[in-house]
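This briefing is intended for a reader who is meeting the structure for the first time. It takes up aromatic pairs and then the relation between domains.

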Amino acid sequence: MTSPTTPVLRAAVLGHPVGHSLSPALHDAAYGALGIPAQYTRRDVPWQAWDQFWAAARSDGGWSGFSVTMPLKPRAARAAGRTTPLVRALGVANTLVFDENGSVTADNTDVMGIMAAVTAAGDVPEAPSAVVLGGGATASAAVAALHGLGAGCVAVAVRTPARAASLESVARAVGTAVDVRPWTQAPELLDRADVVVSTLPPRAADELAGEWAARRRRTGGVLLDVAYDPWPSALARAWQEAGGAVAPGLDMLIFQAVDQVRWFTRGTPREPLTEEAAVTAAMCRAVGRPERAVPDRVRRAQQGRLAV
């Protein structure tokens, strides 16, 4: 039983809308496994309400940190006094951490989430042929993640090339390159990909899935579709039927939350959690996914190419 003097970790997921977020289930499972008293809630914060919310949160003084989802990730990146290299490269943050003095650090754990989800799903070569579908904020994290897995260049298929312009600066910042292709070339890119990250909204890749399935190609690659409802998506089903390995965006959500829990309990993503494998397994069970741990390859890459 928690005594009145027992410190309580207090955190929340911020976004709009945010009622569907599974972050509370993940974080509650993690802190329960760690035996840490915690209060993790949802806060619906529209874009236009950010300044008022953030001023109140800073003056409150009782927060450990925030998980941040859309549309607030760009605002979170600008809110902190300290930002990690990944946040500076991507221009978006999904994690805000308060230290004991009240100063705030912004990080982007989506990159680790993508890397871990991909490598946990299947074998990825040391220098993979990599493809990203879509050109938004999650595509930026995907480019950084694929660089972290050894891709020398990432092909990006988009319907509107102008949307992918920011990806070139992201690629330069993390030390890789992007090859922006028109959407019509997406089927050919899938044919030869070792790893694919679809950052498109739910059902946005359904037509592509049908077109690619009609080509009757085989693949041994890995596909991460960040849209996890419905699951399997049409694209994931076509990929799996062609022999490939698939991962839903839910796996990305689980693995990115591991580093958030590290931040909120350790003050750094570099220090492992006590019994981290058991903590990660508890998070997987909480949302109905197979139990697994963060792959060692991802941790090594974080300490090298993507160190924060």
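A search of the whole structure, which is a predicted model, finds eight aromatic pairs. One of the pairs is formed by Phe66 and Phe98. The protein chain is also assigned two parts, domain 1 and domain 2, and the contact between them is described below.

**Aromatic pair Phe66 and Phe98**

- The ring centres of Phe66 and Phe98 are 5.9 Å apart and the ring planes stand at 75°, so the pair is edge-to-face; the cut-off for that class is over 60 degrees.
- Phe66 belongs to strand S3 (residues 65-68) and Phe98 to strand S5 (residues 95-98), so the pair ties together parts that are 32 residues apart in sequence.

**Domain layout**

- Domain 1 comprises 9-109 + 256-295, while domain 2 comprises 111-250, according to the domain assignment.
- Between the C-alpha centres of domain 1 and domain 2 the distance is 25 Å.
- To the contact, domain 1 contributes 15 residues and domain 2 contributes 17 residues.

**Interface of domain 1 and domain 2**

- The two domains bury about 1300 Å² between them, and 74% of this area is on carbon and sulfur atoms.
- On the side of domain 1 that touches domain 2, helix H4 (85-90) and helix H11 (249-266) are the elements that give two or more residues.
- That side of domain 1 has nine nonpolar residues, together with three polar and three charged residues.

Conventions:
Residues numbered from 1 in each chain as written. Predicted model: local features only at pLDDT ≥ 70, side-chain atom pairs only at ≥ 80, totals over all residues. Heavy atoms only, no water. Domains from an automatic or database assignment. Contact = heavy atoms within 4.5 Å. Buried area = accessible area lost by both parts, 1.4 Å probe. Helix = DSSP H or I, 4+ residues; strand = E, 2+ residues; numbered from the N terminus. Nonpolar A, V, L, I, M, F, W, Y, C, P; charged D, E, K, R; others polar. Phe/Tyr/Trp six-rings, centres within 6.5 Å; stacked < 30°, edge-to-face > 60°.
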